[in-house]
Amino acid sequence: MRFEFATATRILWGQGAAHEVAPAARQLGQRALVVTGQSRRHFTTLRTELAAEGIACVNLSVEGEPTVEGVKAGAEVASAEGCELVIGLGGGSALDAAKAIAALLTNPGDLLDYLEVIGGAQPLRARGAPFLAVPTTAGTGAEVTRNAVLGSHAHRVKVSLRSPLMLARLAVVDPELTWDLPPEVTASTGLDALTQLIEPYVSNRANPLTDGFCLEGLALVGRALRRAYRDGADHAARADMSLASLLSGLALANAGLGVVHGFAGPVGGMFPAPHGAVCAALLPHGIEVNLRALRARDPAGEGLRRYETVARVLTGRPQASAEDAVEWTREVCRELQIPSLRAYGVREEDWPALIFKAASASSMKGNPITLTPDEMGEVLARACG
Ligand SMILES: [Zn+2]
């Protein structure tokens, strides 16, 4: 066995931890670019706390998921304003935008030079400007991942800017910042976290470190996701989901993903659908088709045993079968009112392009078994309802 594990330089988790951001930022510079989502939730508090530490801040709010064009523009703003550090405060979109902007500040040339698929795929040369990640959803785990997913309008695809040099100097995960999330965001981000705990656990790149994070995270999601959705003021459930999200980021960044994220990239590149909702719509079907393929072609392999463990941890039933993971996720998607992919405009005529793109997506490399094009098509067809 061989594995590597890399993460943010420092991680702070806990209720009230967000108040540590400004004192920590003081050691990294005097002007900060603060990248937020459109809602700018919690920005006013952070700005006040930064000012108290003598740090001026420039706010950049990103609309929807980040784009190549938006990141280029953001880096120009940060440069022109003389920002020495970048703080991402928001969901996965704000964090990924901030991460990419921090990387561009210290790496010369065009963003395209460094992008996979649509660009030169050159490695970043320098460590990014200091990047602090403060998630306000529970969620994407983007505070501890080493890539930023960017949409390209021109190419209708999502691509990654990826490098260990992009890891955050500090990730501050404060469950209190998620207390005001509306139920539909709790649902989609929570199911993204769940997917990011299942896929790395059954991934062919899983390792003992990520396994531990996944099992701990799956138990948290099993007991807390529905509670957090039903009652956003259930602070214990919010804390569980916040921790589960962090664990999911630690796992996926070091063990990879699978078929659900393999499709989520191409679907999100072609249709304006939130990442978490896309993953949620695909999840039960991705598990079901993977299980059938494993039973047919790798019945004695580790994949089935791992899915069985997932089912047992999620349901809390020691006798659960691997297929119970399908039923459990299907039931949760129903209760959390996850729409099918059809709701985002995915039509049958789009399937061949989506299957083609998903088959070559980097996430697919972690899937526990290679799926045939027909099996891929079945995952997509079922997710379209
Ligand atoms: Zn995800």
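# Briefing: ring pairs, charge pairs and backbone features

Gln 337 is placed in the loop between H11 and helix H12 (351-359); helices (H or I, at least four residues) and strands (E, at least two) are DSSP runs, numbered from the N terminus. The model is predicted, so local features need pLDDT of at least 70 and side-chain atom pairs count only at pLDDT 80 or more, whereas totals for chains, interfaces and linings use all residues. Residues are numbered from 1 along each chain as its sequence is written, and side-chain values use heavy atoms, with hydrogens and water left out. The structure holds 25 salt bridges, and a search of the whole structure finds 1 aromatic pair.

**Backbone features**

- Gln 337 has a positive phi of about 55° although it is not a glycine.
- Gln 337 is exposed, with a relative accessible area of 62%; buried means under 20% relative accessible area, exposed over 50%, and partly exposed in between (1.4 Å probe, protein chains only).
- Arg 40 also has a positive phi in a residue other than glycine, with a value near 50°.
- Arg 40 sits in the loop between strand S2 (31-37) and helix H2 (43-52), and its relative accessible area of 39% makes it partly exposed.

**Aromatic pair**

- A pair of aromatic rings is described by the distance of the centres and the angle of the planes.
- Rings of Phe, Tyr and Trp (its six-membered ring) pair if their centres lie within 6.5 Å; planes under 30 degrees apart count as stacked, over 60 as edge-to-face and the rest as tilted.
- A search of the whole structure finds 1 aromatic pair: the ring centres of Phe 5 and Phe 213 are 5.8 Å apart and their planes stand at 40°, so the pair is tilted.
- This pair links distant parts of the chain, 208 residues apart, with Phe 5 in the segment before strand S1 (10-13) and Phe 213 in helix H6 (residues 208-230).
- Both partners are partly exposed: Phe 5 has a relative accessible area of 28%, and Phe 213 has one of 24%.

**Charges over rings**

- A charge sits over a ring if NZ of Lys or CZ of Arg is within 6 Å of the ring centre and within 35 degrees of the ring normal.
- Arg 156 lies over the face of Phe 271, at 5.9 Å from the ring centre.
- Arg 306 lies over the face of Tyr 201, at 4.7 Å from the ring centre.

**Salt bridges**

- Side chains of opposite charge can pair when their charged atoms come close.
- A salt bridge is a side-chain nitrogen of Lys or Arg within 4 Å of a carboxyl oxygen of Asp or Glu.
- Arg 226 and Glu 335 form one through their side chains (4.0 Å, N to O), and this pair links distant parts of the chain, 109 residues apart: Arg 226 in helix H6 and Glu 335 in helix H11 (residues 323-335).
- Arg 226 is partly exposed at 23% relative accessibility, as is Glu 335 at 27%.
- The side chains of Glu 378 and Arg 292 meet at 2.4 Å, N to O, in a salt bridge. Glu 378 lies in helix H13 (residues 373-383) and Arg 292 in helix H9 (residues 275-297), so the pair ties together parts that are 86 residues apart in sequence.
- Glu 378 is partly exposed, with a relative accessible area of 22%, and Arg 292 is partly exposed at 40%.
- Within helix H11, Arg 334 and Glu 331 are 3 residues apart, about one helical turn, and their side chains form a salt bridge (2.5 Å, N to O); Glu 331 is partly exposed at 31% relative accessibility.
- Salt bridges that share partners join Glu 288, Arg 292, Glu 327, Arg 330, Glu 378 and Arg 382 into one network.

**Buried and surface sites**

- Ser 163, in the loop between strand S7 (157-162) and strand S8 (170-173), is buried with a relative accessible area of 7%.
- Leaving aside residues up to four places away in sequence, Ser 163 touches Leu 124 and Arg 146, where contact means heavy atoms within 4.5 Å.
- Met 1, in the segment before S1, is exposed with a relative accessible area of 82%.
- Met 1, Phe 3 and Leu 209 form a nonpolar patch on the surface, with about 370 Å² of accessible area together.
- Patches are made of residues with over 30% relative accessible area and no salt bridge: like charges are joined within 9 Å, nonpolar side chains (Val, Leu, Ile, Met, Phe, Trp, Tyr) within 5 Å. Accessible areas come from the Shrake-Rupley method with a 1.4 Å probe, and for residues only the protein chains shown count as cover.
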